[in-house]
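Please look over the structure shown here before reading further.

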Amino acid sequence: MSRATDVTGKLKGPVVPLNVCFTEEGKVDHTSMRRYANWLCEQQTPVLLLTYGSSEYAWLTDDDIRRLTAEMASEINGRALFVTSTGIWAPDTCCSFLTFADQAGADAVKVQVNPWMIQPYPDKYIRYMKAVSEASSIPLLLWGASGGNNPVPPEKIAELASWPNVVGMKNDEDQFYYYYDCIRATIDENFAVVSGGQMRNFVFGYQVGSPAYLCTVAPFRPDIALQFYKLLTEKRYDEAWQIVYRYEDPWLKQAVSLDWLSCIKAAIFLHGLFPKTYDPCQIRDDKLIEKVRKGLIEVFGEIRKID
């Protein structure tokens, strides 16, 4: 079995984007990150992902991204599929990181190409991917995120999907038409179109060929995300929708109205998975944490804190 086939064989079900625990000084708390990744693995979470938004790459140096990749690869150690991500880098820097990630033990790398200067221009995008794709044999995922500009056309995604080490994409573009078009354009390739964010999108996407999804509740309740995925695999779609209505819809409504990223990290903290909720350049907001605590109890029931 090739490395590419092995990755697509495991890239199924809920994907947890790894939120980052920071110290009060704004540094990555690697001890807490390893503890969190270990807990996710113990819960049988199938895929863990470092990614630009949830992993707060805007606050990380290149060295931070390298060390975090190495720490997570060491902790996960084959217990889940581990996908790390590049920064928005020049090709030479990206190539160096692909080699590093491969040696560190990551299973795949999501290549994060500039959403404004490259992704809206298909020929530039293909040239960039060509420049980095041969740096290492590590399997690569694309990142569909054009920043509200023109997304990479599905036929260009299909062209890239035919390359031997390009195995999938995280779709942060339109979650209906574009998502569908990319799934169908690549259906005959060894290629996984991963839904960028919600159960409601994946109910639809799964039925037309999408194998995995980022989930709004999986970072702190992977059991619910796994139950939802199991219902889809058993074609119990009405029951899967009930999970959307019961958990995802009310949780999203509350979290988005407050501050999505801060709410997710507060939920992780309240479940005992992070020791603190410090973020760089942001004052700790205990009032928001209390609002999140009440919201979690309202939607999910009593919080099951991890010792």
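Visitor: On what kind of model do the values rest?
Guide: Residues are numbered from 1 along each chain as its sequence is written, and side-chain values use heavy atoms, with hydrogens and water left out. Local features need pLDDT of at least 70, side-chain atom pairs count only at pLDDT 80 or more, and totals for chains, interfaces and linings use all residues, since this is a predicted model.

Visitor: What percentage of the 307 residues in the protein chain is buried?
Guide: Buried means under 20% relative accessible area, exposed over 50%, and partly exposed in between (1.4 Å probe, protein chains only). Buried residues in the protein chain make up 55%.

Visitor: Among contacts between residues at least 6 apart in sequence, what percentage joins residues at least 24 apart?
Guide: A contact means heavy atoms within 4.5 Å. Of the contacts in question, the share joining residues at least 24 apart is 72%.

Visitor: Why is the pair of Y206 and Y229 classed as it is?
Guide: Rings of Phe, Tyr and Trp (its six-membered ring) pair if their centres lie within 6.5 Å; planes under 30 degrees apart count as stacked, over 60 as edge-to-face and the rest as tilted. The search of the whole structure finds 20 aromatic pairs. In this one the centres are 6.1 Å apart and the planes at 85°, so the pair is edge-to-face.

Visitor: Which of these two tyrosines counts as buried?
Guide: Y206 has a relative accessible area of 23% and is partly exposed. At 17% relative accessibility, the buried residue is Y229.

Visitor: How many residues apart in sequence are the parts that F220 and W251 tie together?
Guide: F220 and W251 are both buried, and they form an edge-to-face pair, 5.4 Å centre to centre with 75° between the planes. F220 lies in the loop between β8 (212-214) and α9, and W251 in helix α10 (residues 237-258), so the parts tied together are separated in sequence by 31 residues.

Definitions and conventions
Helices (H or I, at least four residues) and strands (E, at least two) are DSSP runs, numbered from the N terminus.
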